[in-house]
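Hi,

Here is the model I promised to pass on.

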Amino acid sequence: MYVKSNDGWDDEQKQKEMRTPETRYLIARSESDPNDLKGFLSFQMTHEETMDDDIIVQVAYCYELQIIPSARGRGIGEFLMGLLEQIGSYWQMDKIMLTVFKANKGAFRFYSEKLGFTLDEISPGACLSALQARQFDYEILSKPCNVKR
């Protein structure tokens, strides 16, 4: 998906992103063999803008959710995202956010239909005209954290 995206793939930039001190990982391994990796989720606790210039929200931002093909469809991605929601709630984040390529129809359905994510207010499809939004090959999805304050 990255290679075909408007911004393309940049090994150096992706490695830098994955090694920043703020990036955290949830790792899925085989129960019987801890060296048998099934997938991972990378995230950062950060802040994001809103359509109101005076409001910044605290978010748990999912940067990557990668599951090996043979482990897909077993609930691992849903489990990892559920853990991220719990972490976000624990740390009193306002919401969980992620970016998804429009061309990745399966991921878009997974996040929206299965997990209940919706277009975030700053997503191109939510804040731009349809003509302007077509220039972007991604959408930003979000879901409120279930925080008890």
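To start with the sheet: how many bridges join β1 to β2, and do they run parallel or antiparallel? The two strands are antiparallel, with six bridges between them; I27, for instance, sits opposite F40 in β2.

Before going on, some housekeeping. This is a predicted model, where local features need pLDDT of at least 70 and side-chain atom pairs count only at pLDDT 80 or more, while totals for chains, interfaces and linings use all residues. Residues are numbered from 1 along each chain as its sequence is written, and side-chain values use heavy atoms, with hydrogens and water left out. Helices (H or I, at least four residues) and strands (E, at least two) are DSSP runs, numbered from the N terminus, and two strands pair if DSSP finds at least two bridges between them.

Back to the sheet. It is open and mixed, with six strands in the order β1-β2-β3-β4-β6-β5. β1 and β5 (118–119) are the edge strands, each with a single partner, so one side of each has no neighbour in the sheet. β5 pairs antiparallel with β6 (residues 138–144) over two bridges, and L119 has L141 as its bridge partner in β6. Further along, β2 and β3 are antiparallel over eleven bridges, with S42 opposite E64 in β3, and a hairpin of six residues joins β2 to β3.

Two helices pack on this sheet. α2 touches β1, β2, β3, β4 and β6 (contact: heavy atoms within 4.5 Å), and its direction makes about 160 degrees with that of β3. α3 touches β3, β4, β5 and β6, at about 160 degrees to β4. The axes are lines fitted to C-alpha atoms, for helices over the stretch in contact, and angles run from 0 to 180 degrees between N-to-C directions.

Now the inside. Leaving out residues up to four places away in sequence, L80 touches L26, A28, F40, L41, L65 and I67.

V100 counts as buried because its relative accessibility is 3% (buried is under 20% relative accessible area, exposed over 50%, partly exposed in between, with a 1.4 Å probe and protein chains only). Beyond four places in sequence, its contacts include A107, F108, Y111 and L141.

Cheers
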